[in-house]
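Open the model in your viewer and keep the selection tool at hand. We will go from stop to stop.

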Amino acid sequence: MSLRTLSRSWRHWRRGANLSVPMHATDAEDTNRRFLLYGVLPLWVVPAVADWIMHRRTHIETTSGTKESAVHALMMTEAGVPVAMGLLARINPLVLTVMGGAALAHSATALWDVTLATGEREVRPVEQHIHSFLEVLPLTAMAFTACLHSEEVRAALRGGRGADDWRLLPKRHPLSVGYLAALAAVIGAGVALPYAEEMRRCLRARPTAA
């Protein structure tokens, strides 16, 4: 597939029929997909907001400050990129490999985050417990995605079936615009805005050079 063909496929990515996610079906595939889309992804916001509240209570802006807040932004990127790919692109060996690599990177960064935080501010047991949810959710999302696309997992483990397995292609059946817009609003209100406020607070509290 040429670069021009790939670009054209993304220009017309909404032309396919929307992916159907029945709300009352009980077969394993529909149930897994429904739980992933309407459970795991939206509820990811809950521990994220709880963690932000803990940062406020322990005055992150006057302790670990911008250093820790920047690490939080890095972790959001490590989680957000594979989520965006999974929502918009066809699940193939490339996307699954990115998901796996991002999950490992997120876990390593989470360890760095806690190491940094505990050296400069109080990290209470409840915050540690919140972290456990934030660390396991990327792995959970990846596991459900892998279960829904077992053939692609096998192809990834075998090195792919062809060049298209390692290209970022649009979904044949995209998710509805309404679902994507609603999820974006939830993530924006529950993740992007709180952590942008945190970074702003840390930058404002940073001492200026005399």
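A polar contact is a pair of N or O atoms within 3.5 Å; within protein, one must be able to donate a hydrogen and the other to accept it, and residues adjacent in sequence count only if both atoms are side-chain atoms. This is a predicted model, in which local features need pLDDT of at least 70 and side-chain atom pairs count only at pLDDT 80 or more, while totals for chains, interfaces and linings use all residues. Residues are numbered from 1 along each chain as its sequence is written, and side-chain values use heavy atoms, with hydrogens and water left out.

**Stop one: S69**

Select S69. Its place is in helix 4, residues 65-88. Helices here are DSSP runs of H or I with at least four residues, numbered from the N terminus. Now show the side chain of E198. The side chains of S69 and E198 make a polar contact at 3.1 Å.

Is S69 buried or exposed? S69 is buried, because its relative accessible area is 2%; buried means under 20%, exposed over 50%, and partly exposed in between, with a 1.4 Å probe and protein chains only. Contact means heavy atoms within 4.5 Å.

**Stop two: E78**

Stay in helix 4 and select E78. E78 also counts as buried, at 13% relative accessibility. Which residues does E78 touch, leaving aside its neighbours within four places in sequence? They are A102, A105, H106 and T109. Then pick V98. E78 and V98 are 20 residues apart in sequence, and their C-alpha atoms are 9.8 Å apart in space.

**Stop three: the aromatic pairs**

How many aromatic pairs does a search of the whole structure find? The search finds 2. Rings of Phe, Tyr and Trp (its six-membered ring) pair if their centres lie within 6.5 Å; planes under 30 degrees apart count as stacked, over 60 as edge-to-face and the rest as tilted.

Select F35 and F144. Their ring centres are 5.2 Å apart and their planes are at 50°, so this pair is tilted. F35 sits in helix 2 (residues 28-43) and F144 in helix 6 (residues 125-148), 109 residues apart. F35 is partly exposed, at 44% relative accessible area.

Finish with Y38 and Y179. This aromatic pair is edge-to-face, with 5.3 Å centre to centre and 75° between the planes. Y38 is in helix 2 and Y179 in helix 8 (residues 177-205), so the pair links distant parts of the chain, 141 residues apart. Y38 is partly exposed at 41% relative accessibility, whereas Y179 is buried at 10%.

Definitions and conventions
Helices (H or I, at least four residues) and strands (E, at least two) are DSSP runs, numbered from the N terminus.
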